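Come along and look at it with me.

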Amino acid sequence: MSEKLDVVLGLQWGDEGKGKIVDVLASRYPAVARFQGGPNAGHSLHFEGKSFVVRSIPSGIFREGSTNIVGSGVVLDPVTFKEECGNVMNMGIDAVGKLVVSKKAHLILPTHRLLDAAMEAAAGKGKIGSTLKGIGPTYTDKISRHGLRVGDILAPDFKDRFERLKARHLQQIKDLDYDCDPGKGEAEWMEAIEFLKQVRLVDCEYFVNGLLSSGTPILAEGAQGSMLDIDFGSYPFVTSSSTTVGGVCTGLGVAPSRIGKVFGIFKAYCTRVGSGPFPTELFDSTGEELRRVGHEYGAVTGRPRRCGWLDLVALKYTVMLDGVTDLIMMKSDCLDGFDTIKACTAYKVDGKVTCEVPFDLAGEGLEPVYTEFPGWKTDLSGIRRESDLPKEFKDYIKFIEDFLGVPVTIISLGPDREATIERD
Ligand code: IMO
Ligand code: MG
């Protein structure tokens, strides 16, 4: 019998805790697939007292017997990929044997990274706050039809094509007046290409549809968050891929009718790294407290994350965009100590109240309108049964469910796999 492809997506500005949840859900799916993004993602997994950050490989890699697919919509940096595989293999896991990579995924060249840095340096105040992993320039080359794909590494003229693309990049870097070592990282990159040749390279669309048709359910794992989507996010302060549900179809080569559940992950508050609008951002001691309690520092760049209250207007928007069927609430325990908890339930735009995300989220006249909730002032992290949750917390969740019109089916109360409550 044909199986469905379920999806797990971050609904905010990234860093919602996707790693932990994919790791928890992965035991139910023999195959996990990444469909977009690249090593700008940093998915933290915590188990057996250890922490691990995956960047370009799916978070299912640690589950026994799993197949982990790097899809066509992904941009792959062979160096990061080799390094990550090495780290996983050092833990006694056969990373290479458990991975398949789409031949149609685009390659991040060392000069894509340089170009990313050159563009950010030239942007001055308008800079995006990119992770500098070469993501934007690689997707730019994909769309302008200049890119190199994973399958190209097997072609006899690969080296010539690499040189041609590199020369093009160096000209662009020169035009931006950016000073750098043009050969930086190239030897290491070529070595990593040789490593990539040992991995199973596939036609992802046939592979994924074949698995589904033969009865293997797949979990598609999103990177970044829906508010960073190239079309619907807070443009231009977004990433360069489709982080919303549509990206699953184009990134893996599956039809919309193949999609089953859409798990939408959100944190009980909001964070953002990099530049761009963030309506509920807090610049006071509450924001600092959220950063401290939630350890809100970037997994990839180490940058302190900007913090603020939960934005239900933005969340309702991404629930709509993604067709979320199940909500997953993360880091609820980080709100344990607050007397009062706030959630933004409307925006005031130039004096007018609205429940929709406006075209220009960065507009001057935008103010969040908050609803306040009494805090539960209870340590949630040790609770394992729903019936033991404090009333104030249950009321807070009920409000969120009613506002968004979707049930919260998983509540995470801490970083470990065990600190998770599943509801019927
Ligand atoms: P995960 O998967 C949070 C942000 C960057 C920057 C913007 C563009 O861990 O949730 P890019 O390097 O993609 O061109 O940067 O997007 N960004 C993320 N923020 N979590 C991520 O991934 C992110 N990936 C990119 O900070 O503002
Ligand atoms: Mg992250």
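How closely do the axes of helix α4 and helix α6 approach, and at what angle do they cross? I looked this up first.

**Before the entries.** I am working with a predicted model, in which local features need pLDDT of at least 70, side-chain atom pairs count only at pLDDT 80 or more, and totals for chains, interfaces and linings use all residues. Residues are numbered from 1 along each chain as its sequence is written, chains are lettered from A and ligands numbered from 1 in the order in which they are written, and side-chain values use heavy atoms, with hydrogens and water left out.

**Entry: helix pairs.** I found that the axes of α4 (residues 110-123) and α6 (residues 158-175) come within 9 Å and cross at roughly 15 degrees. Helices here are DSSP runs (H or I, at least four residues), strands likewise (E, at least two), numbered from the N terminus. The axes are lines fitted to C-alpha atoms over the stretch in contact, with angles from 0 to 180 degrees between N-to-C directions. α4 and α6 are therefore roughly parallel; angles under 35 degrees count as roughly parallel, over 145 as roughly antiparallel, 65 to 115 as roughly perpendicular and the rest as oblique. The crossing of α4 and α6 is left-handed, that is, the near helix is turned anticlockwise from the far one by less than a right angle, while clockwise would be right-handed.

I then turned to α11 (residues 312-322) and α12 (residues 391-404), whose axes come within 10 Å and cross at roughly 50 degrees. That pair is therefore oblique, and its crossing is right-handed.

**Entry: ligand 1.** I listed 20 residues around ligand 1, and the closest are D15, K18, H43, T131 and T239 (near means a heavy atom within 4 Å). The shell divides into seven nonpolar, ten polar and three charged residues; Ala, Val, Leu, Ile, Met, Phe, Trp, Tyr, Cys and Pro count as nonpolar, Asp, Glu, Lys and Arg as charged, and the others, Gly among them, as polar.

A polar side-chain atom of T239 is 2.6 Å from a ligand 1 oxygen. A polar backbone atom of D15 lies 2.7 Å from an oxygen of ligand 1. Taken alone, ligand 1 exposes 550 Å², and the protein buries 97% of that (Shrake-Rupley method, 1.4 Å probe).

Entry: I noted a cis peptide bond between Y235 and P236, with omega about 5 degrees. P236 sits in the loop between β10 (218-221) and α9 (246-252). L132, in the loop between α4 and α5 (135-143), has a positive phi near 60 degrees. Most residues other than glycine have a negative phi, and most peptide bonds are trans.

Technical notes
Polar contact = N/O pair within 3.5 Å; in protein donor to acceptor, adjacent residues only side chain to side chain.
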